[in-house]
Amino acid sequence: TPGMALYYDVTPKAVVLCVAAAVLLLADGLELRRLWRSQLGRSILILAGCQALSLALSTLLSTDAAGSVSGSSGRRFGFAVQISVLVFFLAVLSGSTRGPRQRLLMLRVVAVTSAIVGTYSICQYLELDPLIQRQLYSVGQFGQPILRAPASLGSAPAAGNFLMMSLFFSIALLQTDSSRLWRVISIAAATLSASGILLSGTRAALLGVCAGLVVLFWRQRGMLIRHLGVTVGVIAVVLALFVLSPGGRYLRNRAVQARGAIGSRVF
């Protein structure tokens, strides 16, 4: 909401998250009994209960209880928001157990969302941002101008990590959806997610993509190599050519910054 709150102010988002979690609880959207019937679901519920108990004890024993409930002013990731995130996780998990149609619906929603976020990242990198001032997410270090696209998620690391997860959701949609239209959308979403990850300059997200691809090739090596191997290779070549082109100067400068930051920590 540019102009309505402080730039990247997380408080409105936290309020929406908490209210939505409360609605899910009141609407019995979790359906925990269905999860409890399966061994995997029971294990996850036990772990989630342990996490909730840990959060409650940490808040009760905190020297600053109010700060522990609301979180810091910058992130607001306190007890209320962390419990809300846990509720959302259980809601998504329980929704996925209702049947293939529900799982497909969630994958489609994620694909469309990630396509929008990835497109916004590309627009920001091309300096075509109609909402946020470019100076707020472009920096300079070691004598190099750097632009790390945050999309609408507040920071480049947040955008990169979100797109890293949505990339694999898009791949899952490609593997499971029988609709030709949604298969095309899933390929577009995966491509835009990969582009947004690269343009965010987030090393953790790039590492996560590499690790996820290794697991995919290991678990589904036959099908994945036939259907996605060539696609992944083409995308990698195109992105590499872009990095080496004049338009990739921000990414090259980011690489210089990363090497300098690592060197300063070592020495």
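Me: I'd like to start with R42 and W36: at what distance from the ring centre of W36 does R42 lie?

Reply: In general, a charge sits over a ring if NZ of Lys or CZ of Arg is within 6 Å of the ring centre and within 35 degrees of the ring normal. Here R42 lies over the face of W36, at 5.5 Å from the ring centre. Keep in mind that this is a predicted model, where local features need pLDDT of at least 70, side-chain atom pairs count only at pLDDT 80 or more, and totals for chains, interfaces and linings use all residues. Residues are numbered from 1 along each chain as its sequence is written, and side-chain values use heavy atoms, with hydrogens and water left out.

Me: How many helices and strands does the protein have?

Reply: Helices (H or I, at least four residues) and strands (E, at least two) are DSSP runs, numbered from the N terminus. This protein has 11 helices and 2 strands. Along the sequence, their pattern reads α-α-α-α-α-α-β-β-α-α-α-α-α.

Me: Is S114 buried or exposed?

Reply: Buried means under 20% relative accessible area, exposed over 50%, and partly exposed in between (1.4 Å probe, protein chains only). S114, in helix α6 (residues 100–125), counts as buried because its relative accessibility is 0%. Across the protein, 31% of the 267 residues count as buried.

Me: Which residues is S114 in contact with, leaving aside its neighbours within four places in sequence?

Reply: Contact means heavy atoms within 4.5 Å. With those neighbours left aside, S114 is in contact with F162, L163, S166, S170, A189 and S193. For the protein, 67% of the contacts with a separation of 6 or more are between residues 24 or more positions apart.

Me: Why does L60 count as exposed?

Reply: L60 counts as exposed because its relative accessibility is 69%. You can find L60 in helix α3 (residues 39–60).

Me: Where do I look for residues with a positive phi that are not glycines? Let's take E127 and A151.

Reply: E127 has a positive phi of about 60° although it is not a glycine, and it is found in the loop between α6 and β1 (138–141). With 37% relative accessibility, E127 counts as partly exposed. A151 also has a positive phi, of about 55°, and is not a glycine either. Look for A151 in the loop between β2 (144–147) and α7 (156–176); with a relative accessible area of 0%, A151 is buried.
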